[in-house]
Amino acid sequence: NAGVLFVQLGDLEAAERALARVRVQQASPLLEGCVAALEGDITRRRGDPGRAAPLYARASLAFRRAGMHPLAVAADLACAEIGDGAAVEPSDDASTLTCARLALGAPAGAGDTKLAERLQQLATRTALAGRRVIAWRAASLARRLFARLADTRAEGALADARRLFEEVKMLTPVHHRPGLDADPDAPTPIGSAETPSTSATGRLRRFLRINKRLNSELRLSRVLETIIDTVIELTDAERGFLLLKDAAGELQVRVARNIDQTTLDGPALAVSRSIAKQAADRGEPVITVDAAGDDRFREALSVSDLRLRSVLAVPLAVKGAVVGTIYVDHRLRRGAFGEEDVALILDFAEQGAIAIETARLVAELRRRERQIEMLNRRLERDLRARGDELVEVRQELKETRDAAALRHDYKQIVGRSPRMMELLRQLDRVTDTALPVVIQGESGTGKELVARAIHFNGARRLRPFVTENCAAIPETLLESTLFGYAKGAFTGADRDTRGLFAVADGGTLFLDEVAEMSPGMQGKLLRVLQDGEFRRVGGEKAQHADVRVVVATNKDLGRLVEQGKFRQDLFYRLNVVRLTLPPLRERREDVPLLVAHFLERSGKRIMPPALARLAAYRWPGNVRELENEVTRAAALSGAQIEIADLSPHVATGDPAAVEDAGPDSLLLKPRVERLERTLIHEALARHEGNQTRAAVALGLSRFGLQKKLQRYRMGGTR
């Protein structure tokens, strides 16, 4: 049986090896007949019918001695087929096939139609019984007889023969399929003048057109859809699936489409994974013309559950490695896919694999571009943060250099805001001179501190520093206070008394609220400034004093001159150097420094919310009011100052309502600083004082946040 099968497959060497194994067996009439018949088949297939005829005759005699009359008849028919035997009537399936071959070798006769119909019935019966080889040969011989008779039934017989032949071929190992193609009963087109079907040409054109579209698509999802849509179009399949291996090596459906190019979902997604897996594992296409009756998939539940008929699965390989399967099926048609479909889809699968790899590379490139872009943005943010830090460091260095560049020590003057630094630089230039100085500023801004700095940093620091508030002394007493009086000058003047000019001789006399001085006193003060001489009240002799006069006022002396309330000549004599002290509301960045200075002796700590309220308040009384508020809060608070420890008008005031010009103020710097303090406090409170997390929330570096905390004196964080 193996030898006969190899002859039908065209593998004559394998048939001869089988014959050699049979010959060594113990001789018997049946074995002798089988050996002779097989040797006759091999000789005849090699193209030597003259040598085959005696072998068939010997086989016939041996079969008769063994009592195997059907086999003897088959041997006789073989002789008759090669023209060396008598005609016989068909008695079984095999003899029916042989009689058909005999009829085709002779001129057409009256019995050809009956024989062709008998062959057609044989093909139908054996196909239903699963005997595909006999069914295919019967259909092929019937087609040839009908064609010779010009019977229209030849087309149907040819279709049956092709379908049955494809089924046999798909069940045949790949290396034996060329032998089947060379079999005399292999179905061929009717008529020798016919050319390959024009549908193949059209299919090829579609293939080229779709391939061009495929290569123009770079999105992986669209590439996968285009591939499966193309396969469905090329094979006329009902459904198509593209399965790719996941990280674990399991096939997963990536695309599921039907014949109208719509995506499948729900129950329609069901696919025979056993067939798809077999194609991927073996790296070879799997085709079945009737999956339900295919022994290879008899145990596959998905085949029976899905009631599959025709299935084609082709492995999808990228760079030599199978990464998935292209799977198409038809649940209604048997034999929907043939060898031509397999060859076409294999070729297309190679192009599809290239397109998939290209799309994956493009997707990976785009992913990396997005990653690089994200890293660039992060780098830009880091660079901006580093730039901000650098600006802050430069500002700090500038402030440090500015402070270091000052020749004198101004530690009693608390403040490092730009306005205060400019004031200190002016003091540096003024201190070593003997020129009169006018210090102008609101009440409580520290005018006397500035005057003391001028004196104690200058050349007169070892001489007296004398102060007097002109507004605190009645006009009648101010003259005697400044110039002194002689004994007997007025009632109660029982001795000569020195005035402040005499006391301050060689030093500095600081006159506060000089604008409150009467016009008469202004004239006498002018004489001292011009000549350095003065006369005691009631005295006759002029006295000389070397005194540097520093005056202070909270009014605009120039405007008072215009109004006639202050002597113009005195104004010009005093206004040689004028220093303007900024109010506290215009240098809010100094509030934390001032608060820390006032709390040094108490050892207490102020909480950031309370400090934010102090920095937001307007402070009409300036530094003096702030000092009083901090002193009061320190006295009433516990270990640390909270908002509740502040005065009600400071603690409950809305920061927006106490800005420089009310809630509608457009002054940018105070509002920005107030917002910064508020946000910093909120971030620190939300993150329980953790500077690193608060800095991230604020979009700052930790160093940048620390600089702002230092600037605003909002300590107490970690």
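Analyst: The questions and answers below concern this predicted model.

User: How many helices and strands does the secondary structure of the chain come to?

Analyst: The chain has 718 residues, of which 45% are buried. Among contacts with a separation of 6 or more, 65% join residues 24 or more positions apart. The secondary structure comes to 29 helices and 16 strands.

User: Is helix 3 roughly parallel or roughly antiparallel to helix 4?

Analyst: Helix 3 covers residues 29-45 and helix 4 covers residues 49-65; their axes are 8 Å apart, at an angle of about 160°. Angles over 145 degrees count as roughly antiparallel. Helix 3 is therefore, relative to helix 4, roughly antiparallel.

User: How many nonpolar, polar and charged residues does the contact of helix 3 with helix 4 have?

Analyst: The crossing of these two helices, helix 3 and helix 4, is left-handed. Helix 3 contributes residues including Leu30, Cys34 and Ala37, which meet a group in helix 4 that includes Ala52, Leu55 and Phe63. By class, the contact of helix 3 with helix 4 has 11 nonpolar, three polar and seven charged residues.

User: What is the orientation of helix 8 relative to helix 9?

Analyst: The axes of helix 8 (residues 132-148) and helix 9 cross at roughly 155° and come within 8 Å. An angle over 145 degrees counts as roughly antiparallel. The orientation of helix 8 relative to helix 9 is therefore roughly antiparallel.

User: How do the residues of the contact of helix 8 with helix 9 divide by class, and how many are nonpolar, polar and charged?

Analyst: Helix 8 passes helix 9 in a left-handed crossing. The contact is made by residues that include Trp136 and Phe146 of helix 8 and Leu158 and Phe165 of helix 9. The residues of the contact of helix 8 with helix 9 divide into 14 nonpolar, one polar and five charged.

User: What is the reach of helix 9 from its first C-alpha to its last?

Analyst: Helix 9 runs over residues 153-170 and has 18 residues. Among its buried residues are Ala157, Leu164, Glu166 and Met170. At 1.5 Å a residue the expected value is 26 Å, and the reach of helix 9 is close to this, at 26 Å.

User: How far apart are the C-alpha atoms of threonine 288 and glutamate 166?

Analyst: Threonine 288 lies in strand 3, residues 286-288. Threonine 288 counts as buried because its relative accessibility is 3%, and buried means under 20%. Along the chain, threonine 288 and glutamate 166 are 122 residues apart, while their C-alpha atoms are separated by 9.0 Å.

User: Does arginine 257 count as buried or exposed?

Analyst: Arginine 257 is found in strand 2, residues 251-258. Arginine 257 and glutamate 225 are 32 residues apart in sequence, and 7.7 Å apart in space from C-alpha to C-alpha. With a relative accessibility of 7%, arginine 257 counts as buried.

User: What is the phi of glutamate 513?

Analyst: Most residues other than glycine have a negative phi. Glutamate 513 lies in the loop between strand 10 (508-512) and helix 20 (519-531), and it is buried, with a relative accessible area of 13%. Although glutamate 513 is not a glycine, its phi is positive, at about 55°.

User: What is the relative accessible area of asparagine 622?

Analyst: Asparagine 622 lies in helix 25, residues 622-636. Its phi is near 60°, a positive value in a residue other than glycine. Asparagine 622 is buried, and its relative accessible area is 0%.

User: Is helix 23 roughly parallel, roughly antiparallel, roughly perpendicular or oblique to helix 25?

Analyst: The crossing of helix 23 (residues 591-598) and helix 25 is at roughly 50°, and their axes come within 10 Å. Roughly parallel requires under 35 degrees, and roughly perpendicular requires 65 to 115. Helix 23 is therefore, relative to helix 25, oblique.

User: Which residues of helix 25 meet helix 23?

Analyst: The crossing of helix 23 and helix 25 is right-handed. Helix 23 takes part through Val591, Leu594, Val595 and Phe598. The residues they meet in helix 25 are Val623, Leu626, Glu627 and Val630.

Terms used
Residues are numbered from 1 along each chain as its sequence is written. This is a predicted model: local features need pLDDT of at least 70, side-chain atom pairs count only at pLDDT 80 or more; totals for chains, interfaces and linings use all residues. Side-chain values use heavy atoms; hydrogens and water are left out. Axes are lines fitted to C-alpha atoms, for helices over the stretch in contact, and angles run from 0 to 180 degrees between N-to-C directions. Helices (H or I, at least four residues) and strands (E, at least two) are DSSP runs, numbered from the N terminus. A crossing is left-handed if the near helix is turned anticlockwise from the far one by less than a right angle, and right-handed if clockwise. Contact means heavy atoms within 4.5 Å. Ala, Val, Leu, Ile, Met, Phe, Trp, Tyr, Cys and Pro count as nonpolar, Asp, Glu, Lys and Arg as charged, and the others, Gly among them, as polar. The expected span of a helix is 1.5 Å times one less than its number of residues. Buried means under 20% relative accessible area, exposed over 50%, partly exposed in between (1.4 Å probe, protein chains only).
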